[in-house]
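Notebook open. I went through this model one feature at a time and wrote down what I looked up.

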Amino acid sequence: MSSNQGQLFSDSVMAQIKERFHFVDRDIDGRERLFFDNAGGSFRLKAASAAFANIDALPDCPERIHERALYLQDIQDRGEADVRHMLNARGGSVYFSLTASAAMFEMVRAVMEHVPGGNAVTTILEHPSSFDALSLYCERTGRALRVAPSNPETGGVDADAIIALIDEDTTLLSVMYASNISGAKLDIAAIVERARAKKPDLFIIVDAVQHAPHAVIDLQKTPVDGINFAPYKFFGCRGSGVSWLSQRLAELPHHRLQAKEKGVWELGSPAPAQFAVVSAILDYVAWVGAQFSDAEDRRERFVQGMQRIESHERALLTLMLDGVGTQRGLRAMNGVQVYWDHDDLAQRDLIVGIGFDGLEPTAAVREYEQRGVIVYERIGASLYSGRMLRSFNLEGAVRISPLHCHSPDDIARFLAVTEEVAAIR
Ligand SMILES: Cc1ncc(COP(=O)(O)O)c(C=O)c1O
């Protein structure tokens, strides 16, 4: 396969990867199950769940002087350093919140309430956590909300469409790294560079919740002011959102205890277990990297691991679209439409949206479940999908989101089930 089509893990690495996660091949009741809804919450690393349970079992407050408290402080320091390794972030602040959405509202609020300007720019594909935050604070602060349209061919938003909306008077650009509906990546590097060419001190906040588990993020190459991800979609646990803020964003007025340093965004007691989860994620990705590289540096091993994960996922995407051995792929199936089928797979995360002739997405999702496959219906009536689907002139879609823990055999089984579902009409 060419690099554009990705490269699969060897059988032995694949087996070791599956072994490191809970419930990849079977559900908790022991029944075989293909879980292809990882964009809604990913497979859990066994090490992440164990780290959470072990650390959270300790009653100690980290803000004490005794030995166990110092141990918890070390866990937090290591977790914070690991967030920086993941993003290649220098300086600024790391912020653990309850959800990614909560942090997004806080970051948007700080910029909108304290940075001058007459408009704010975003895209029609944003998750409600950023879209609604920006529209709320545009309304409250009397700014114009400018929304870049989607491109129904690629499933993304063209950089040109975003850049056209930015001017000297723009307060904030809030943009996602990749769409959780279509899987299309936005060209964040070009968007950041071109936006700052128009307004050098523009504040930029990026929602990386969808994209972070699928590829390398490098803030030294794409310097933004705020970025967030969600550990539960990144092989970790539910119950936290993780953000990094540039120093100038972190120091804007925000809710904080007055005695704390200016750049601290955590309110109240952080949970050391959540920091341990992030370190377990990084340990795992670095382990993947170490199967292919002898790099010593933790960031470099993480980068190698994410690149391999991305490459395996691209190979799975190729198989899903074009078939596995004699099993035909989605593109060739009767009665199945593949949406946003952009040819350049390097521009897509491992998400596919499809529709069936004569079968509503919700009915299709039920048929899949009866056959042991979990996928997700995105429908126009949903607050999480409606605005985005309307922008593509679609009423609904079935979203398929496997993970790098899946093998070509899993994809073949999924495709065989899809042919059965397509034959139901
Ligand atoms: C792209 C994107 N951004 C933000 C979020 C919000 O994450 P959370 O529910 O953890 O706040 C989600 C969750 O679905 C998402 O997919």
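**Ground rules.** I am working on a predicted model, where local features need pLDDT of at least 70, side-chain atom pairs count only at pLDDT 80 or more, and totals for chains, interfaces and linings use all residues. I number residues from 1 along each chain as its sequence is written.

**Whole chain.** I counted secondary structure next. The chain has 13 helices and 15 strands. Its radius of gyration is 22 Å, close to the 22 Å from the globule rule for 425 residues, so the chain is as compact as a globular protein of that length. For my notes: that radius is taken over C-alpha atoms, and the rule is 2.2 Å times the number of residues to the power 0.38. Helices here are DSSP runs of H or I with at least four residues, strands are runs of E with at least two, and both are numbered from the N terminus. The C-alpha atoms fill a box of roughly 65 × 50 × 35 Å along the principal axes.

I then checked burial. Buried residues are 51% of the 425 in the chain. The cut-offs: buried is 20 or more other C-beta atoms within 10 Å of a residue's own, exposed is 12 or fewer, partly exposed is in between, with C-beta atoms placed from the backbone.

**Domains.** I noted domain 1 as 3-44 + 304-422 and domain 2 as 50-282. These bounds come from an automatic or database domain assignment. The two centres, taken over C-alpha atoms, are 27 Å apart. The contact takes 29 residues from domain 1 and 28 residues from domain 2. Contact means C-beta atoms, placed from the backbone, within 7 Å. On the domain 1 side, α10, β12 (352-356) and α12 (386-391) each supply at least two residues. α10 gives the most, with four. I sorted that side by class: twelve nonpolar, nine polar and eight charged residues. Nonpolar is Ala, Val, Leu, Ile, Met, Phe, Trp, Tyr, Cys and Pro; charged is Asp, Glu, Lys and Arg; the others, Gly among them, are polar.

**Back to α10.** α10 covers residues 298-322, 25 residues in total, and reaches 36 Å from first C-alpha to last, close to the 36 Å expected at 1.5 Å a residue. The expected span is 1.5 Å times one less than the number of residues. Why do I call α10 largely enclosed by the rest of the structure? Because 21 of its 25 residues are buried.

**Ligand shell.** I listed the residues around the ligand, among them Thr99, His127, Met176, Asp207 and Gly241. Near means a C-beta atom, placed from the backbone, within 6 Å. The shell has four nonpolar, seven polar and one charged residues.

Most residues other than glycine have a negative phi. I looked up two with positive values. Phenylalanine 235 has phi near 75° and sits in the loop between β7 (226-229) and β8 (241-245). Is phenylalanine 235 buried or exposed? Phenylalanine 235 is buried, with 25 other C-beta atoms within 10 Å. Asparagine 393 has phi of about 55° and lies in the loop between α12 and β15 (396-400). Asparagine 393 is exposed, with 8 such atoms within 10 Å.

Conventions:
Two residues are in contact if their C-beta atoms, placed from the backbone, lie within 7 Å.
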